[in-house]
Each structure stands twice: as structure tokens, then as C-alpha cells.
Amino acid sequence: MWTIEQEETYFKIYDDRKTLAGYFAPEYGDIQPEDKSDLVIAEMMKNHDPIKGGYMMLPLVKFGLFEDGKEMNLDYVAQQLQDVYNRILAWKNLTIEKQIEHHKILVSHTDHDMLSITLGIIFDSPVPLEKKEILGNLSDILDFAHHKGLL
């Protein structure tokens, strides 16, 4: 159902319709010297070095409220806020069920009416920097989010 493509030092995650679903940024560790990080990461990618985890960025919720000039009534705003609340609870349940201890929420850089969530992912054991291996270790969370209607 999911595909993953490398884009420089991170990966783009696509659904079965080839729609961008999110991003995965591997945690490369403490790279020294810092000014050579691009070269070191490129070498790590080439060698499929193992990583312990990373950060998966996914859309959290779209409000449907913050569009310039959009006219609304109280019923619409109340319903949108209730839908947002329900979606946030579903994401909270995902972090609990999948034992994701670290996350952060930001306003999406591409849509100011949307929040995105960054999940701190720690693999059970080190995973090679290889698309198939990374996707295999992220699929459980992606599938769970998809089945809950979050993706």
C-alpha cells in the first residue's frame, strides 16, 4: 500500500494512489565533523548503514477554518472544532497504542490551516538505510493510521 522514495537525506512516503502521505527523516547520529555531514550521510545511504530510528512527519488535522475571506456560521465552526477534537483524540490513541513516546506538533509549512505531527520513531533493532527495510518498519504505524482514517 505504501511506497517510499529517497529525497536527499530524507524519504517521502506515498500512498497507493501516489499521493504524498508524509516524510521520514532518519536519525543519523552525531556526525563529525559537522561541515562534512552531507558527505557522511551520502556515504551512510550508499552503504545502507543501520539507523536506530528517526522522525516521521504526517498531517495531523486540517481545520477548515483559517482561509482568508471564508464566511462561516456558528454551526459550521462548532462542527469543524468537534471534528478536529475527534481527530486529535484518534492521533493521541495512535501514540499510546504504538508506544510512541515523543512527538511534536507544528503548523504545516505548506498549509496554515493544517497542523502536522512529527513522531519520534525508535526501531526495535537497527534498520539498514534502505527503502524496503525502512518502509517495512514504518508500515505498521502507517497502516494503523490509515485504518483509523488519519491518512
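What covers the buried residues of H2? The cover includes strand E4 (50-62), strand E6 (114-128) and helix H3 (131-147), where helices (H or I, at least four residues) and strands (E, at least two) are DSSP runs numbered from the N terminus. The model is a predicted one, in which local features need pLDDT of at least 70 and side-chain atom pairs count only at pLDDT 80 or more, while totals for chains, interfaces and linings use all residues. Residues are numbered from 1 along each chain as its sequence is written, and side-chain values use heavy atoms, with hydrogens and water left out.

Helix H2 itself takes in residues 74-97, and its 24 residues reach 34 Å from the first C-alpha to the last, close to the 34 Å expected at 1.5 Å a residue, the expected span being 1.5 Å times one less than the number of residues. Its buried residues are Gln80, Val84, Trp91, Leu94 and Thr95; here buried means under 20% relative accessible area, exposed over 50%, and partly exposed in between, with a 1.4 Å probe and protein chains only.

Strand E6 pairs with E4 in the antiparallel sense over 11 bridges, two strands being paired if DSSP finds at least two bridges between them. Strand E5 (residues 103-107) also pairs with E6 in the antiparallel sense, over 5 bridges, and these two form a hairpin with 6 residues between them. Within E6, Gly120 is the bridge partner of Tyr55, and Gly120 counts as buried because its relative accessibility is 17%. Leaving aside neighbours within four places in sequence, Gly120 is in contact (heavy atoms within 4.5 Å) with Gly54, Tyr55, Ile100 and His102.

A search of the whole structure finds 3 aromatic pairs, for which rings of Phe, Tyr and Trp (its six-membered ring) must have centres within 6.5 Å, and planes under 30 degrees apart count as stacked, over 60 as edge-to-face and the rest as tilted. One of them, Phe24 with Phe123, is tilted, at 6.0 Å centre to centre and 40° between the planes. Phe24 lies in strand E3 (residues 20-26) and Phe123 in strand E6, so the pair ties together parts that are 99 residues apart in sequence; both Phe24 and Phe123 are buried.
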